[in-house]
Amino acid sequence: MLYKEELIKAAQEARKNAYVPYSKFAVGAALLGNNNKIYTGCNVENASYGLTICAERAAIFKAVSEGVTSFKALAIVTDLEVPASPCGACRQVIGEFSPDLEIIMANMKGNVHTVNLAELLPLSFSLHKNDKDN
Ligand code: THU
(Lines give C-alpha, C1' and ligand atoms only; values in the text may rest on other atoms or scores of the structure.)
Protein backbone atom coordinates (compact mmCIF):
# COMPACT_ATOMS: atom_id res chain seq x y z
CA MET A 1 0.00 0.00 0.00
CA LEU A 2 1.21 3.51 -0.75
CA TYR A 3 2.42 5.32 2.36
CA LYS A 4 -0.20 8.06 2.02
CA GLU A 5 -3.09 5.59 2.01
CA GLU A 6 -1.53 3.62 4.82
CA LEU A 7 -1.10 6.74 6.95
CA ILE A 8 -4.69 7.85 6.33
CA LYS A 9 -5.95 4.39 7.28
CA ALA A 10 -3.87 4.44 10.48
CA ALA A 11 -5.22 7.90 11.34
CA GLN A 12 -8.79 6.70 10.74
CA GLU A 13 -8.17 3.81 13.12
CA ALA A 14 -6.61 6.08 15.76
CA ARG A 15 -9.57 8.44 15.43
CA LYS A 16 -11.78 5.69 16.86
CA ASN A 17 -9.94 6.12 20.17
CA ALA A 18 -10.56 9.86 20.38
CA TYR A 19 -11.78 10.78 23.86
CA VAL A 20 -14.15 13.63 23.05
CA PRO A 21 -17.07 13.76 25.52
CA TYR A 22 -17.11 17.58 25.39
CA SER A 23 -16.65 18.61 21.75
CA LYS A 24 -17.75 15.28 20.18
CA PHE A 25 -15.21 16.17 17.48
CA ALA A 26 -12.93 13.19 16.89
CA VAL A 27 -9.53 13.62 15.28
CA GLY A 28 -7.02 10.95 14.32
CA ALA A 29 -3.38 11.41 13.35
CA ALA A 30 -0.67 9.13 12.01
CA LEU A 31 2.96 10.12 11.78
CA LEU A 32 5.50 8.30 9.64
CA GLY A 33 8.92 8.27 11.28
CA ASN A 34 12.18 8.19 9.35
CA ASN A 35 12.49 4.69 10.76
CA ASN A 36 9.39 3.84 8.68
CA LYS A 37 7.31 3.19 11.80
CA ILE A 38 3.89 4.77 12.20
CA TYR A 39 3.00 6.63 15.40
CA THR A 40 -0.68 7.34 15.87
CA GLY A 41 -2.55 9.78 18.06
CA CYS A 42 -6.07 10.95 18.84
CA ASN A 43 -7.41 13.94 20.68
CA VAL A 44 -7.90 13.43 24.42
CA GLU A 45 -10.14 15.95 26.13
CA ASN A 46 -10.47 16.86 29.78
CA ALA A 47 -13.17 18.32 32.04
CA SER A 48 -10.70 21.18 32.47
CA TYR A 49 -11.00 21.99 28.76
CA GLY A 50 -7.63 23.68 28.32
CA LEU A 51 -5.83 20.47 29.21
CA THR A 52 -7.06 18.79 26.04
CA ILE A 53 -4.36 17.48 23.72
CA CYS A 54 -4.82 17.41 19.95
CA ALA A 55 -4.35 14.23 17.93
CA GLU A 56 -1.31 15.62 16.12
CA ARG A 57 0.59 16.46 19.30
CA ALA A 58 -0.36 13.12 20.85
CA ALA A 59 1.26 11.39 17.85
CA ILE A 60 4.38 13.60 17.92
CA PHE A 61 4.87 13.14 21.66
CA LYS A 62 4.39 9.41 21.34
CA ALA A 63 7.12 9.20 18.71
CA VAL A 64 9.54 11.54 20.48
CA SER A 65 9.05 9.70 23.76
CA GLU A 66 10.09 6.54 21.92
CA GLY A 67 13.26 8.23 20.68
CA VAL A 68 12.12 9.15 17.15
CA THR A 69 12.50 12.82 16.21
CA SER A 70 12.66 12.80 12.38
CA PHE A 71 9.55 12.32 10.31
CA LYS A 72 8.46 11.83 6.70
CA ALA A 73 4.75 12.68 6.77
CA LEU A 74 1.73 13.24 9.00
CA ALA A 75 -1.87 12.35 8.18
CA ILE A 76 -4.79 13.98 9.96
CA VAL A 77 -8.34 12.67 9.69
CA THR A 78 -11.61 14.34 10.70
CA ASP A 79 -15.14 13.97 9.39
CA LEU A 80 -15.39 17.58 8.23
CA GLU A 81 -16.53 18.26 4.67
CA VAL A 82 -13.25 20.07 4.00
CA PRO A 83 -10.34 18.13 5.53
CA ALA A 84 -9.10 19.95 8.66
CA SER A 85 -5.66 21.43 8.94
CA PRO A 86 -3.68 21.32 12.20
CA CYS A 87 -4.21 24.06 14.79
CA GLY A 88 -1.53 26.67 15.42
CA ALA A 89 -0.18 25.00 18.54
CA CYS A 90 0.28 21.72 16.68
CA ARG A 91 1.97 23.47 13.75
CA GLN A 92 4.53 24.92 16.12
CA VAL A 93 5.16 21.55 17.79
CA ILE A 94 5.47 19.74 14.45
CA GLY A 95 7.85 22.45 13.23
CA GLU A 96 10.17 21.87 16.17
CA PHE A 97 11.11 18.56 14.58
CA SER A 98 10.19 18.77 10.88
CA PRO A 99 9.75 22.31 9.50
CA ASP A 100 9.08 20.93 6.00
CA LEU A 101 6.88 18.01 6.95
CA GLU A 102 4.35 16.73 4.43
CA ILE A 103 0.91 17.18 5.98
CA ILE A 104 -1.85 14.97 4.58
CA MET A 105 -5.31 16.23 5.52
CA ALA A 106 -8.16 13.81 4.92
CA ASN A 107 -11.78 13.24 5.80
CA MET A 108 -13.89 10.10 6.14
CA LYS A 109 -15.16 10.44 2.56
CA GLY A 110 -11.68 10.06 1.17
CA ASN A 111 -11.05 13.70 0.27
CA VAL A 112 -7.35 14.40 0.63
CA HIS A 113 -5.39 17.64 0.58
CA THR A 114 -1.63 17.58 0.99
CA VAL A 115 0.51 20.57 1.97
CA ASN A 116 3.92 21.26 3.43
CA LEU A 117 4.19 22.54 7.01
CA ALA A 118 6.18 25.57 5.81
CA GLU A 119 3.07 26.64 3.87
CA LEU A 120 0.98 26.42 7.03
CA LEU A 121 3.52 28.10 9.28
CA PRO A 122 5.64 30.62 7.39
CA LEU A 123 8.31 32.60 9.26
CA SER A 124 7.98 30.22 12.18
CA PHE A 125 9.71 30.77 15.49
CA SER A 126 12.74 28.56 16.07
CA LEU A 127 15.75 28.71 18.36
CA HIS A 128 17.86 26.41 16.22
CA LYS A 129 17.37 27.68 12.66
CA ASN A 130 20.77 29.36 12.60
CA ASP A 131 22.48 26.61 14.49
CA LYS A 132 24.86 24.69 12.19
CA ASP A 133 24.22 21.51 14.17
CA ASN A 134 20.49 21.61 13.48
N1 THU B 1 -8.28 19.14 17.69
C2 THU B 1 -7.31 18.29 17.26
O3 THU B 1 -7.19 17.15 17.75
N4 THU B 1 -6.45 18.72 16.29
C5 THU B 1 -6.51 19.95 15.70
O6 THU B 1 -5.66 20.28 14.88
C7 THU B 1 -7.59 20.88 16.04
C8 THU B 1 -8.45 20.49 17.17
C9 THU B 1 -9.21 18.68 18.73
C10 THU B 1 -9.09 19.39 20.06
C11 THU B 1 -10.47 19.19 20.64
O12 THU B 1 -10.53 17.93 21.29
C13 THU B 1 -11.39 19.13 19.41
O14 THU B 1 -10.53 18.88 18.30
C15 THU B 1 -12.20 20.37 19.17
O16 THU B 1 -11.40 21.50 19.13
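Student: How far is a polar side-chain atom of Glu56 from an oxygen atom of the ligand?
Tutor: This is a predicted model. In it, that separation is 2.6 Å.

Student: How much of the ligand does the protein bury?
Tutor: The protein buries 76% of the 380 Å² that the ligand exposes when taken alone.

Student: What about Asn43 and Ala55?
Tutor: The side chain of Asn43 has an N or O atom 2.9 Å from a ligand oxygen. Ala55 uses a backbone N or O atom, 3.0 Å from an oxygen of the ligand.

Student: Which residues surround the ligand?
Tutor: Among them are Ser23, Phe25, Val27, Thr52, Cys54, Pro86 and Cys87. Asn43, Glu45, Ala55 and Glu56 are also on the list.

Student: Switching to helix H1. What span should its 13 residues have?
Tutor: Residues 3–15 should span 18 Å at 1.5 Å a residue. The end C-alpha atoms are 18 Å apart, which agrees.

Student: Which residues of H1 are buried?
Tutor: Leu7, Ile8, Ala10, Ala11, Ala14 and Arg15. They cover an arc of only 160° around the axis, so they sit on the same side of H1.

Student: Why would spaced-out residues point the same way?
Tutor: An α-helix has 3.6 residues a turn, so residues three or four places apart point the same way.

Student: And what covers the buried residues of H1?
Tutor: The cover includes strands S1 (28–33), S2 (38–42), S3 (71–78), S4 (102–107) and S5 (112–116).

Student: Where is Asn111?
Tutor: In the loop between S4 and S5. Asn111 is partly exposed, at 36% relative accessible area.

Student: What does Asn111 touch, beyond residues up to four places away in sequence?
Tutor: Glu81, Pro83, Met105 and Ala106. Glu81 is 30 residues from Asn111 along the chain, yet their C-alpha atoms are 8.4 Å apart.

Conventions: Residues numbered from 1 in each chain as written. Predicted model: local features only at pLDDT ≥ 70, side-chain atom pairs only at ≥ 80, totals over all residues. Heavy atoms only, no water. Helix = DSSP H or I, 4+ residues; strand = E, 2+ residues; numbered from the N terminus. Expected span 1.5 Å × (residues − 1). Buried < 20%, exposed > 50% of the residue type's maximum accessible area, 1.4 Å probe, protein only. Arc of directions from axis to C-beta. Contact = heavy atoms within 4.5 Å. Near = heavy atom within 4 Å. Polar contact = N/O pair within 3.5 Å; in protein donor to acceptor, adjacent residues only side chain to side chain. Areas by Shrake-Rupley, 256 points an atom, 1.4 Å probe, with all protein chains shown as cover.
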